[in-house]
Amino acid sequence: MTAPAAHSPRSQRKPKGEGYARRAEILAAAERIFVEHGYEGATIRKIADEVGLSSTALYMHFAEKGEILHEICREAFAALLELNRAVVAEPGGPQERLRRMMQAYIEFGFANPNAYRLIYMTRPVELRHGALSAAQELGASLYRSFEQVVEDAEAEGQLRGDARTTAQALWAGCHGVVSLMITKPYFDWVDRETLVNALLDGLFAGLMKP
């Protein structure tokens, strides 16, 4: 998944005969609208207007808004799973792989703030019509690939505590910095890379053995 384009003035409605916007256009617009208005406030009409389609034309791509949210979740988790697979395939010990996985996760969140907010910061009650199952199943698979590397570190005697607690603490740290920085952009943050490196250094120093 590529980073969503910055919000731009609403597209002009496409004249009849020009064809339909691509599914990617619809998904990018829906990401913005779901974040701005919430699941209940987002409507097919709002999404269609954003990409310059009629509601009828949009229904040719997606049956209802729950299907759109499901597809956003599926694509986001698929992208993160692919990042994890690439990291795991690279040489290095468990700690090196863990740090690369965490950096990839954080970078994904910053590059895709709308998708990140939908898959990790949306209330379960809003993830209906299949989107919740996508978040649970694909999210669980993604987390399991991360937890497996933590277990590899445990097997090599590199953890100060148990693998389950360590994995959750590491993930909580990553989620914390992403969620805070994308929802509180007005805060006087230090340089992002400096903050992320300081966070990761602290987590590894506290949870991993030298």
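A salt bridge is taken here as a side-chain nitrogen of Lys or Arg within 4 Å of a carboxyl oxygen of Asp or Glu. By this rule, eight salt bridges are counted in a predicted model, where local features need pLDDT of at least 70, side-chain atom pairs count only at pLDDT 80 or more, and totals for chains, interfaces and linings use all residues. Residues are numbered from 1 along each chain as its sequence is written, and side-chain values use heavy atoms, with hydrogens and water left out.

The protein chain has an average pLDDT (the predictor's confidence in each residue, from 0 to 100) of 84, and 83% of the residues score at least 70.

Glu50 is joined to Arg32 by a salt bridge, with 3.2 Å between the closest N and O atoms. Glu50 belongs to helix H2 (residues 44–50) and Arg32 to helix H1, so the pair ties together parts 18 residues apart in sequence; helices are DSSP runs (H or I, at least four residues), numbered from the N terminus. Both Glu50 and Arg32 are buried, where buried means under 20% relative accessible area, exposed over 50%, and partly exposed in between (1.4 Å probe, protein chains only).

A salt bridge of 2.8 Å, N to O, also links Glu71 and Arg74. Both residues lie in helix H4, three residues apart, about one turn of the helix. Glu71 counts as buried at 12% relative accessibility, whereas Arg74, at 35%, counts as partly exposed.

Arg99 pairs with Asp201 in a salt bridge, the closest N and O atoms being 2.8 Å apart. Asp201 is partly exposed, with a relative accessible area of 42%. Arg144, Glu147 and Glu151 form a network of salt bridges.

Key
Helices (H or I, at least four residues) and strands (E, at least two) are DSSP runs, numbered from the N terminus.
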